[in-house]
Each structure stands twice: as C-alpha cells, then as structure tokens.
Amino acid sequence: NGTPESLGKPQIRAGIDRVRGGVIACGEKFPTKGTVKVSVAVDGEGKVQNVDVQATPSDDLGTCVAGVVRTARFAKTENGGSFTYPFAF
C-alpha cells in the first residue's frame, strides 16, 4: 500500500518545518534563551495526539511552543509514531 510503517526523520522534519514560523513567533512573544524540548505522539493519520514539554527555559514559552506543535500535521503511517524535538531559542 506504500504507507510507511512509522514516522521517520524526513516526515518528522517536514511536519515540524510547516509549524516552524509559529514556533519562532513564540520565541518573539516570550524572548527567553534556551531550548524547549517537546515529546510528541502522532497517530496513523498524521495528527498530533499529545505534546509534552520536557524542558523549557520558561513556562510561557514552553506552553506556546507545545500549542503550535499540537497543530502540526505529519505524513500518514500505519502506526504513527512518537519523537522528541528540541527547539533552540
């Protein structure tokens, strides 16, 4: 059927790239230096099911980034996938 079994790095990068502008806007709204690390769970349809902030220099920035990442869409896969992603500010 051509559907990949799970999310790979290229699909993750493509999904994150589509919301990168929103993530950058979070950094402008809450100017803090550091890294926001999020854990993301994606279903087989490519929709984000859950985003957990694992590390953030500020709660406001972490919440903003998580909200943006929650809107990301990824390639369809048989099993979905989960990954952690760091955003440096």
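Q: Which residue in β3 does Lys37 stand opposite?
A: Happy to start here: this is a predicted model, where local features need pLDDT of at least 70, side-chain atom pairs count only at pLDDT 80 or more, and totals for chains, interfaces and linings use all residues. Residues are numbered from 1 along each chain as its sequence is written, and side-chain values use heavy atoms, with hydrogens and water left out. Strands are DSSP runs of E with at least two residues, numbered from the N terminus, and two of them pair if DSSP finds at least two bridges between them. β1 (residues 35-42) and β3 (residues 81-88) pair antiparallel over eight bridges, and there Lys37 stands opposite Pro86.

Q: What is the bridge partner of Lys37 in β2?
A: β2 covers residues 48-55 and runs antiparallel to β1, with six bridges joining them. Within β2, Lys37 has as its bridge partner Ala55.

Q: Which residue takes a positive phi in the hairpin of β1 and β2?
A: Let's look at the turn: five residues lie between the two strands of this hairpin. The one with a positive phi, near 90 degrees, is Gly46.

Q: What is the angle between the planes of Tyr85 and Phe87?
A: Rings of Phe, Tyr and Trp (its six-membered ring) pair if their centres lie within 6.5 Å, with planes under 30 degrees apart stacked, over 60 edge-to-face and the rest tilted. The count is two aromatic pairs. One is Phe74 with Phe83, edge-to-face at 5.6 Å centre to centre and 70 degrees between the planes. The Tyr85 and Phe87 pair is tilted, with centres 5.0 Å apart and planes at 45 degrees.

Conventions:
Buried < 20%, exposed > 50% of the residue type's maximum accessible area, 1.4 Å probe, protein only. Helix = DSSP H or I, 4+ residues; strand = E, 2+ residues; numbered from the N terminus.
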